[in-house]
Amino acid sequence: MTQLRIVGGTVYDPLNDIDGEVRDICIDAGRVVEDVPPTAARVDARGMIVMPGGVDIHSHVASGAVNVARRLVPEAHALDPAPAPALIDTAVIPRSGVGGIVPSTFTTGYRYAGLGYTTVFDAAVAPLMARVAHGQLDDTPIVDGGFFALLGNDRLLLDLIDGGERERAREYVAWLLGATGAYAIKVVNPGGVELWKRGSRERTELDTTLGSSGRVTPRAILETLVDAAGALDLPHATHIHCNNLGLPGNAATTLATMRTLDGRRAHFTHLQFHSYASTPDGRWRSGAREIIEYVNDHPSISADVGQVMFGAAATLTADAPVEYLLHKSSGRKWANVDIELETGCGVVPHEYRERAAVAALQWAVGLELFLLSADPWRIVLSTDHPNGGSFMSYPRLIRLLMDRTYRDAQLRRVESRLLAGSALTDGLEREYTLREIAIVTRAGPARLLGLRDKGHLGVGADGDVTVYAPGDDVARTFASPRYVVKGGTVVVEEGELRRAPPGRRLHVRPPYDRAITHEIRTHFDQYATVRFENFPVGELRDAPSALATRTPSAGGR
Ligand SMILES: [Zn+2]
């Protein structure tokens with residue numbers, strides 16, 4: 001299907017200042033165009049809501065940790081078999097799989113597309129596991145995807161900082177992104193995972209030192225990596241998971257991190273998990289207001305929320321110390337996988353219950369962040385799937401944001417013991433509009449990711465479009481789009497998945513100073529269990545994203 005006209009829908013395209021206008025969207029050869037001839041195929045969208053395809057800025061769908069999580073929760077799979085879809089596209093073999101909180105690869109692609117999402121990023125891939133991640137993305141159909149490379153506890157990076165070599169650290173980062181086919185830099189608990197692997201069980205503060213010189217601290221790691229993303233002109237800012245995730249009082253760490261990076265472009269992920277204050281006796285309370293007010297006042301900062309949704313979850317993260325504590329406190333089964341020289345990995349299944357005080361607080365903190373946000377372009381939607389809940393819960397989350405009556409009814413059911421001081425209990429009236437939902441689920445993430453052809457429906461944009469049938473129940477509307485178009489192909493028709501073309505890989509390949517490879521090779525020869533030559537993933541099927549022009553300090557490719 002090369003030419004398509006989506007007829008007469010009510011279009012929400014915030015990047016192009018279109019807010020509920022009835023108009024046609026035309027697609028030719030996979031891209032939005034001004035017009036197509038009358039012979040073009042048609043989708044009747046009259047009376048329906050039309051938005052660009054959804055863009056998930058932070059999810060876990062394709063890492064080594066995701067595979068560990070799949071192995072750890074077979075019981076969730078047994079409860080949710082996923083039969084192969086009835087595709088009409090005979091060029092593609094439909095695949096069965098399993099769902100649950102961590103679905104298998106093909107099912108992940110089908111379900112994201114079935115929600116109207118057409119782009120998904122895995123937010124945490126250990127560089128050593130890059131091949132595994134690309135393999136999984138190859139088997140996650142329909143959605144365009146990529147991943148962020150974990151760098152905040154990387155041994156060579158820490159050694160370069162220790163030696164006062166931040167510029168060479170940046171060249172190493174440039175090499176590593178290209179070698180692994182990653183899209184962005186990810187920092188998880190900078191320095192804290194490495195310290196935990198060495199046996200420390202203490203909280204990590206910004207000036208906790210690692211290494212011999214005293215130069216390596218979480219603060220130095222953050223500055224180095226945030227500056228690297230800027231100097232390399234990467235499309236997305238460095239994606240930061242702060243120190244002390246999930247601990248009472250961690251809002252102070254989060255604010256200190258934001259202050260140390262002041263004026264520099266930085267993305268703070270799953271901010272909800274980093275927005276807890278504490279009472280004088282060490283109990284949890286909401287720190288959301290202080291955090292969101294700081295973000296509102298500082299336009300160089302962006303964030304995704306990491307909303308907690310009640311029900312099953314699987315916590316999986318490179319932040320192994322967090323998983324160790326969660327395993328200890330919950331008694332649930334635990335997997336830990338140290339990744340040599342690079343990072344950690346831990347997985348613990350979890351359940352957020354309405355009557356559990358901490359879960360109720362986490363739920364409230366996330367909603368406070370959303371409802372007190374002054375700029376939806378900078379505070380976007382995520383549940384940190386599957387950590388705060390499945391991506392399949394996005395429609396319910398959208399209803400919580402759009403429907404105050406529904407939200408207040410849920411608030412009355414939750415355990416309120418830790419909610420004193422939460423803005424939510426004061427009665428936040430705000431209800432998100434369809435325009436704001438379009439921003440936090442597609443236009444905003446696309447802009448933050450530097451995806452110029454996504455998140456909007458202007459001429460030249462990717463032909464990724466979702467058509468929803470409005471109804472009384474917003475959650476139902478967003479759970480089952482009537483049509484989903486991916487790259488000009490109608491993949492969902494009348495609410496049924498009908499086609500499953502492969503997605504494209506989104507990655508970057510920044511130029512770098514070739515002199516750094518000597519040092520990297522020596523590092524591999526001395527410490528790694530893989531050879532330097534075997535580490536890069538090689539050519540990928542899709543070309544790297546264009547970067548703003550950058551001249552490396554010397555040499556370059
Ligand atoms: Zn995450």
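**A friendly walk through the model**

Trainee: Which exposed residues sit on the face of H14 turned away from its buried side?
Mentor: Let's settle the words first: helices (H or I, at least four residues) and strands (E, at least two) are DSSP runs, numbered from the N terminus. Buried means under 20% relative accessible area, exposed over 50%, and partly exposed in between (1.4 Å probe, protein chains only). The face of H14 turned away from its buried side carries the exposed Thr405 and Arg412.

Trainee: What pLDDT do local features need here?
Mentor: Residues are numbered from 1 along each chain as its sequence is written, and side-chain values use heavy atoms, with hydrogens and water left out. This is a predicted model, where totals for chains, interfaces and linings use all residues, side-chain atom pairs count only at pLDDT 80 or more, and local features need pLDDT of at least 70.

Trainee: Back to H14: within what arc do its buried residues fall?
Mentor: In H14, which spans residues 404-413, the buried residues are Arg407, Asp408, Gln410 and Leu411. An α-helix has 3.6 residues a turn, so residues three or four places apart point the same way. The arc is that of the directions from the helix axis to the C-beta atoms. Seen down the axis, the buried residues of H14 line one face, because they fall within an arc of 160°.

Trainee: What is the radius of gyration of the protein?
Mentor: The radius is taken over C-alpha atoms, and the globule rule is 2.2 Å times the number of residues to the power 0.38. For 557 residues, a compact globule would come near 24 Å, which agrees with the protein's 23 Å.

Trainee: Is Leu128 buried, exposed or partly exposed?
Mentor: Leu128 lies in the loop between strand E9 (117-125) and helix H4 (130-138). Contact means heavy atoms within 4.5 Å, and among the residues that Leu128 touches are Ile339, Val530 and Phe535. With a relative accessible area of 27%, Leu128 is partly exposed.

Trainee: Which two residues does a cis peptide bond join?
Mentor: Most residues other than glycine have a negative phi, and most peptide bonds are trans. In the loop between strand E20 (379-380) and H13 we find Pro386. With omega about -5°, the cis bond joins His385 and Pro386.

Trainee: Near what value is phi of Ala29?
Mentor: Ala29 sits in the loop between strand E2 (18-28) and strand E3 (31-33). Ala29 is exposed, with a relative accessible area of 63%. Its phi is positive in a residue other than glycine, near 50°.
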